[in-house]
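Hi,

Here is the structure I promised to pass on.

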Amino acid sequence: MKNTTKYIFGTCIALALFVSCDKDFEEINTDPVRLTEIDGTFQLNRAIIGSSPGYNNFTYEEEIVRHMTTPFQGVGSGGNFNQDNRQRTAGNWRDGFQTTIKNLVDGIANIDPESTNLLSMLRIWRAHEFMVLTDTYGDIPYFEAGKGFLEQIPFPVYDPQEAIYDDILKELEEASAALNPAGDAVDQEIMYAGQGVGDNISAWKRLGYSLMLRAAMRLSKVNPAKAQEFVAKAIAGGIMTSNEDNAAIWHDASFRNELGTNLNGGQAPFYYIEREFMDYLQDNNDPRLGRIAVRYIGATSGADQIPENANYDPAEQRGLPQGFDNTTIDPIAISEGLASFFDYSQLDRERLGGPEAPAFMVTYSQTLLLHAEAAFRGWAAGDANVLYQAGIRAHMEQFADWPGDTTISEAEIQAFLDTHALTPGSELEDINTQYWVSAFLNGHEGWANFRRSGFPDIAPNPYPGSELQTEEFIRRLTYPDTERTVNLGNLEAAISRQGPDILDTRVWWDN
């Protein structure tokens with residue numbers, strides 16, 4: 001009896017303690033200063049910031065389209081030598097899947113269903129980021145991407161690019177239509193509200209439809225009928241109407257432009273304006289050249305590239321030719337009357353190449369030029385020449401948004417336009433060559449449009465150590481080696497469907 005009483009008493013104490021501890025259990029065991037959920041606007045902003053072009057933009061995309069080049073070998077080898085540098089081809093994959101896509105997919109999955117406008121913004125920027133990724137590599141994880149935590153899918157399948165583009169167009173159509181200025185306010189997003197745009201919801205709507213126009217035009221070679229269908233939907237929905245609609249990432253002392261920090265750091269003497277781009281600007285008396293380039297006259301090393309030697313005169317600029325490395329370029333430079341290859345022109349590191357320079361992702365200028373091409377093809381209403389010249393003007397006026405003395409005067413703009421109307425018989429070349437100029441420093445877009453349109457008409461890189469096997473230009477970047485380690489089965493399925501994992505293989509819309 002004594003033992004039984006002791007057992008009952010002990011059990012009562014244990015039950016009392018259990019009930020007592022269970023009371024307010026969740027509140028007591030919740031860290032009051034640790035996040036339990038993330039604001040979708042923060043995830044959108046993190047994804048936008050993470051979209052700013054990185055060092056890979058110089059290693060491949062800008063090199064392939066002959067905007068910029070370097071003769072140096074080593075970690076920066078890539079498009080300058082038509083070589084497959086797996087450390088650098090992984091750049092877009094790493095930045096896209098590890099940062100931007102995770103935030104966007106998670107933000108969409110966890111958003112309040114009432115937040116229609118924020119949801120639409122997340123969907124639109126997700127479409128932009130997936131365009132960058134699929135344009136770079138071709139078939140990629142799409143429908144299962146970013147769902148490792150959400151749905152326990154650590155090894156996502158790769159989807160065909162055609163299916164990806166079908167869904168991107170659907171997403172842009174639905175998300176753009178759903179944006180409503182009378183709906184939920186998204187005052188903390190940094191793309192437009194953060195830049196003081198009053199009606200940022202309408203600005204996002206115009207961005208969505210402008211991206212739809214871009215995505216539709218990607219299909220011009222492989223599915224003209226679908227391209228025309230979505231071009232019409234985009235223009236009817238309402239595309240960008242001014243440079244205030246530009247989708248740009250604005251940098252400051254707290255968040256610096258990665259391209260600018262590289263050019264102002266250890267990479268300062270490495271990169272130069274490429275000769276074909278330079279020659280085009282000089283041959284056309286283009287006023288943009290005077291804002292883009294600087295030449296350090298007489299430089300024989302990076303130490304000579306100092307303000308005292310700087311020359312900004314467009315007539316004095318010299319583009320560095322591709323096809324040489326740092327052991328073979330010096331004799332070429334000397335034969336051309338330069339002190340060394342360090343004497344070639346560079347991107348001005350205090351203006352467009354500055355650490356606080358903005359990065360333009362989708363612009364009014366590019367949108368007008370795509371509209372001009374669509375009008376010329378008969379896919380949209382409008383005068384192709386008027387739209388073409390408006391696209392040139394918009395890009396020249398955009399220069400006022402870069403730091404330093406970069407504004408191009410009205411007189412300079414008009415003088416250029418007076419001598420640059422569409423040439424009968426060369427309309428597509430004219431439009432897409434200007435797109436090449438408008439996409440300067442956004443290598444992804446310049447490279448994608450070059451592959452799609454075939455313009456500008458530039459010469460292949462003649463470097464003798466090229467690893468290209470069948471193509472004259474790099475058509476895609478290779479998959480990261482990490483995918484072979486962690487997702488080999490799905491990777492091999494994509495390669496068997498798309499073609500060899502080499503620089504020559506064309507993505508679906510490039511066939």
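Helix α3 (residues 40–50) packs on α7 at an angle of about 25°, and the two axes are 10 Å apart. That angle is under 35 degrees, so α3 counts as roughly parallel to α7. As for handedness, α3 and α7 cross in the left-handed sense. On the α3 side, the residues in the contact are Gly40, Thr41, Leu44, Ala47 and Ile48, and α7 brings Leu118, Met121, Leu122 and Trp125. Sorted by class, that makes seven nonpolar residues, two polar ones and no charged ones.

Before I go further: this is a predicted model, so please read everything here with that in mind.

α7 also has a contact with α6. Helix α6 covers residues 91–110 and helix α7 covers 116–137; they pack at about 155°, with their axes 10 Å apart. An angle over 145 counts as roughly antiparallel, and α6 and α7 are therefore roughly antiparallel to each other. Here too the crossing is left-handed, with α6 passing α7.

Who meets whom in that pair? From α6 you'll find Gly91, Asn92, Trp93, Gly96, Phe97, Thr100, Ile101, Leu104, Val105, Gly107 and Ile108. They meet Leu119, Leu122, Arg123, Trp125, Arg126, Glu129, Phe130, Val132, Leu133, Thr136 and Tyr137 of α7. The class count for α6 with α7 is 13 nonpolar, six polar and three charged residues. Leu122 and Trp125 of α7 are worth a click: they are listed in the contact with α3 and also in the one with α6.

Now for some strands. There is an open sheet of three, in the order β7-β6-β8, and the pairing is antiparallel. β7 (310–311) and β8 (346–347) are the edge strands, each pairing on one side only. Strand β6 (residues 293–296) runs antiparallel to β8, and two bridges join them.

Last, the whole chain. How many helices and strands does the chain have? There are 21 helices and nine strands. The C-alpha trace spans about 110 × 50 × 50 Å along the principal axes of the chain.

Cheers

Terms used
Residues are numbered from 1 along each chain as its sequence is written. This is a predicted model: local features need pLDDT of at least 70, side-chain atom pairs count only at pLDDT 80 or more; totals for chains, interfaces and linings use all residues. Side-chain values use heavy atoms; hydrogens and water are left out. Axes are lines fitted to C-alpha atoms, for helices over the stretch in contact, and angles run from 0 to 180 degrees between N-to-C directions. Helices (H or I, at least four residues) and strands (E, at least two) are DSSP runs, numbered from the N terminus. Angles under 35 degrees count as roughly parallel, over 145 as roughly antiparallel, 65 to 115 as roughly perpendicular and the rest as oblique. A crossing is left-handed if the near helix is turned anticlockwise from the far one by less than a right angle, and right-handed if clockwise. Contact means heavy atoms within 4.5 Å. Ala, Val, Leu, Ile, Met, Phe, Trp, Tyr, Cys and Pro count as nonpolar, Asp, Glu, Lys and Arg as charged, and the others, Gly among them, as polar. Two strands pair if DSSP finds at least two bridges between them.
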